[in-house]
Amino acid sequence: MTRADTAGQTARTERARGVGLVGRALIRHLGSAVVVLLVVTFAAFALVRATPGNSATSIAVRQAGAGATQEQIDRIRDELHLDDSLVVQYGAWLSRAVTGDLGRSERTGRPVAEEIADRLPRTLFLAGGSAVLAILLGLGAGIVSAVVRRGPLPGLLRLGALLGASVPPFWLAFVLIAFLSERLHLLPTSGQSGPASWVMPWLVLAVPAGAIISRVVAVALADALAQPYVGAARARGRSTWSVVWRDALPNAVGSTLHVTALQVGMILTGTVIVETVFAWPGLGAWFVDAVKFRDNWSILAAVLVFAIGFVLITRLADLLQVAGDPRLRREETP
Amino acid sequence: MLRIQDVTLRYRRRSGGPLTAVDGVSLTVAAGEIVGLVGESGCGKSSLARAVVGLHRHDEGTIGLDDVDLSALGASERRRHRRRAQMVFQDPFGSLDPHRSVGSAIGEALAIARSVPRTQRAERVTELLELVHLDPSVRGRRPRELSGGQCQRVAIARALAVEPRLLVCDEPVTALDLSVQAKVLDLLVELRDRLGTGCLFITHDLAVLARIADRIAVMHEGRLVESGPAQQILTAPSHPQTVRLLEAATRFPSTAQNPPIGVPA
Amino acid sequence: MTGTAPSGAAASGIRLPRALMLALPLVLIAVVGALAPWLAPASPSATDLSASLEGPSTSHWLGTDQLGRDQLSRIVFAARTSLSVAAVVMTLAFVVGVTIGAVGAFAGGIVDRLVTWAVEAALSVPSLLLALAIIGIRGNSVPNLILALTIVAWAPYARIARGAVLGYRRSAASEALVGLGAHPLRVLFGHVIPTASRPALVFASTDVGAVVLATAGLSFLGLGITPPTPEWGQMLVESRPYLATAWWLWLPPGVAITVVALSGNLLSEHLGVAPELRRLRIRRPRPTPSTSPKRGRAQTAAKTGRPVPLWEMRDLRVDFDTPDGPVAAVRGLDYTLDRGEVLAIVGESGSGKTVSCLAPLGLAGDRAAVRGSARLAGTELVGAGEDTLRAVRGAEIAVVFQNPYAALNPLRRVGALVADGLRPPAKGHQARERVVELLRAAGLPHPEDVADRYPHELSGGMRQRVLVAAALAGDPDIVVADEPTTALDATTQAEVIELLRRLQRERGLALVLVSHDLGVVAHLADRVLVMHDGVAVEEIAADQLPNATHPRTRDLLDAVPRLPETRAGTRATTRSTEARC
């Protein structure tokens, strides 16, 4: 049979090409991620420029008070290329941003890059811990509610997940503070003084994300369990859990990766609220302050940093999905 | 009635030259005649069928239905003439809007054709449903609530609503159970007898054509390789491709040499 | 097509009230909000410093805040604020999104690429961040809040509408309409716009929660609705200093937001889950006919003389538990099967033929309730525990499934899939050797190579051979082949039938062949069991088929397409059962 013969060869070459294909997907994803970042920052930039109150004069007034001199105003106009077209202005900002110069905060006068460098690790710690917690919660609850079909447990988990996805995080924070801190005095209400102070911020961010992840995992897993190949595996005498681990879960995880990544991204941006509530001196709280003060360079920089994080996380998930599925690894037919 | 003359149809491809799907095919269908067009998947038979009902433009040759070529007409003229040839699709569920009831789907076809005054539409829908042997009470149901065979009957009734001269059936029974297939095929023959509608029946399965076709045309790689009366094609095929299709239709090529299998000796 | 859940909602008529019930809290809060000026006991802004921070009482049901304002009135007015912002945002997002998505799908080409791209870009940016940035740059006001939330919210509507319209444009339904000569405007307004709007509308009903949550979140940060206009998120910020002392300040607004969001999420879950339930819909049970089905008496009599049959079904009944109540799929089935015998079970789809084979093995799903008796070499399987059944599956009774495209785990290599079923289990080199041997036995060329491949790299016929190899891995006595050829093209069908026949003879297997095509099975079977509506209507020796009398059997026989004899004299009619005899 020649068909099998040639198919065998293609299979071998495909396998040899496998790494290259993932590499190519990586490049494609990174390329589109960069484009998204450019569009988002350009949109934000255009919005800044299109908004009244951002002329050289008013910026100078905000920086130096009412007594801003003409030189100061000219210097600002020059620095920001305000006489040039929007694209040139954006290009100037971008070329400086690439070298790490994100401008000076209009509020504090410090370089924006320094402010970010100070706060980013704290925010990453908060978001990272929550993400791990959310994924563990989501996977656990999702698997149990898809596999255990009898009894009240799956129903309760489902309701719990829907409730978790519906609770506003800031209010969840209040409820936790009111009971765990104010009433029971178990945990500190704010600050970063060791593990006890991490629990509530982590939980508040992890609960809604974990809830949504658990629903997606449950649905995807139930779907995978309904596939004929699962029935076929069981017909070969395999046990339920072995079928779940080896057949259903790998197939389900692929389709949940994207949503999981979105939720981790939401955790990252959710730090904006949680850091405000728990007085966590990170990037999120700083962003809110910048927004309140209309500190444009800081806003632009924060948009850039958060968007980079968000886009990286979601693209990474898409890549993982490609790497984990031999069907997607295959080169598209011309 | 339908005269296909030297029709060639090409697809543009992203890489390489154009792909010739149909290559200089000529074929006629007379009123009241069922002509089977058979070939493997990818041989161009579906492209040709779509060109006949004007869903695809052909590049060369003419497709004349009562000597009118759709592709030579302006938009509104074409809409009017389209009605003369109606297509019945392979997927019985896919060709009906899942949100519309059977009655509303057929009613819409009547409205488009403006063949029946608004007040008599309901009556005409009933007639059409009876014509395809469906209980008129199905008019309120949606496609999902019907079986595949019932859906295909509805699709046929809708096609007949605009009083076409020709039905183009593209693998209309392939998606159905064998026993349902047979009933739909019988219906097509019956409609031909009653209404005198011509029928171009596209399939990959010669066995299906044995049941209904008057004439059979065999396509292979875009060309017409053999055509003639059904009996002749089925019993005395001359082209190797026809022989191959016949063997496939019997499904057990090996038994052509071996004794029949499965019967305990 | 895309997830058009609403179709079912309208069609089934059963789930609609449930959906309304789930949306009820949302509707109630909306009504209360709309009637706030008449319902609220006091003005939301009337301060009374002498009565500040009072707990709930008969005069102030939910107490008062730090300025002595009536908390209940503020909650009620806040509902008005939140839900009107949500309504405006969602209307804008819906109109903008659906228009953009539908235009993209309808126009195609470069326009569609731009639309897809814009949607992708919008969805790959964190929404909260975008809203914050927009408000931060443009300033804090209600129009800016609405603008920000709309810019955040439109993309999913566009994506849904685009998908729906694209699905519709590619559907035969749209081609049929064009073929009927419908005017483009009729197509647009009668079909394209409804197609795009329906799923988007469902999404909107579930999107309420997200929009209300976002409004509250922004207000909580002081960037949405600002005082004195009451808003839930903003009320929460103000309650911050009183977390320990005045629960009536922070509890009710949070509950209100949660209820709205939960209502939306429940609705979303309900509408999203619905398609799964629809799949389960099987025909309603009909009263069991009083007359017992006809059967080939001679056959049965001959069998009863034997001691213990290999496989014996007695009055097997299978009911499915569905949302509409139990549905009977098998309604009393009897047959026996002996070693080396080939039994064909034939019937239309929905006649219960597949279920009758899978249910006794516990493979018909959780919703299947099995009664009666199914004995394997004397051992009762109905009611047996999972462990017993698991020991039987694969090792005693193996199944070759209908659709070779779906019955192989796409993420595992063929070799691993087949090795799974090996009895006794084996690992490593030894397993590998046995797997290759099985693949070779199943007629796969280059079995070593095939073992290393993924299912998607194989043709349908090769996959079916892999499934056969996997079935043989456990060295079973009985193989159930469920429509083993239906998904294959004609030539491959013949090869697979040939393979099954060879293996059955070589290994002395008992074979149960399930099919809707009498033509296929008649060549393989010793006996044929004709099923209709969950019962066997006729059991007959395969060579007696031409003399079958039951109308259902005749139907199935008549349905087999028949070719006239070729002039060369060879039989082209082997597909027909009658021509053989």
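The legends below describe close-up views of a predicted model. Local features are given for residues with pLDDT of at least 70 and side-chain atom pairs count only at pLDDT 80 or more, whereas totals for chains, interfaces and linings use all residues. Residues are numbered from 1 along each chain as its sequence is written, with chains lettered from A and ligands numbered from 1 in the order in which they are written.

**View 1. The largest nonpolar core has 367 residues.** A nonpolar core is a set of buried Ala, Val, Leu, Ile, Met, Phe, Trp, Tyr and Cys residues joined through C-beta atoms within 7 Å. A residue is buried if 20 or more other C-beta atoms lie within 10 Å of its own, exposed if 12 or fewer, and partly exposed in between, with C-beta atoms placed from the backbone. Ala173(A), Val303(A), Leu200(B), Phe201(B), Ala131(C), Val418(C) and Val528(C) touch the most other members. Helix H8 of chain A (residues 195-225) gives the most to this core, 19 residues. Helices (H or I, at least four residues) and strands (E, at least two) are DSSP runs, numbered from the N terminus. At least three core residues come from each of domain 1 and domain 2 of chain C.

**View 2. Phe201(B) and its contacts are shown.** Two residues are in contact if their C-beta atoms, placed from the backbone, lie within 7 Å. With neighbours within four places in sequence left aside, Phe201(B) contacts Ile34(B), Val35(B), Gly36(B), Leu37(B), Cys169(B), Leu209(B), Ile212(B) and Ala213(B).

**View 3. Chain A meets chain C through 66 residues of chain A and 64 residues of chain C.** Several helices of chain A each supply at least two residues to the side that touches chain C, among them H6 (153-166), H7 (169-183) and H12 (296-324). H1(A) gives the most to that side, with 12 residues. The side of chain A that touches chain C has 41 nonpolar, 13 polar and 12 charged residues. Here Ala, Val, Leu, Ile, Met, Phe, Trp, Tyr, Cys and Pro count as nonpolar, Asp, Glu, Lys and Arg as charged, and the others, Gly among them, as polar.

**View 4. Leu249(A) lies in helix H10 of chain A.** Leu249(A) counts as buried because it has 22 C-beta neighbours inside 10 Å. Not counting residues up to four places away in sequence, Leu249(A) touches Leu221(A) and Val244(A). Leu249(A) and Gln263(A), 14 residues apart in sequence, are 19 Å apart from C-alpha to C-alpha.

**View 5. Helix H3 of chain B covers residues 102-113.** Of the 12 residues of H3(B), 9 are buried, including Val102(B), Ile106(B), Glu108(B) and Leu110(B). The cover over the buried residues includes helix H4 (121-131) and helix H5 (148-161) of chain B. Arg114(B) follows H3(B) and has a positive phi, near 50°.

**View 6. Helix H7 of chain C bends by about 30° at Ala153(C).** The bend is the angle between axes fitted to the seven residues ending at a residue and the seven starting there. A proline, Pro156(C), follows within four residues.

**View 7. Chain C is assigned domain 1 (16-41 + 64-268) and domain 2 (291-394 + 516-561 + 568-581).** The bounds come from an automatic or database domain assignment. The C-alpha centres of the two domains lie 54 Å apart. Chain C contains 22 helices and 10 strands, and 55% of its 581 residues count as buried.

Conventions
The expected span of a helix is 1.5 Å times one less than its number of residues.
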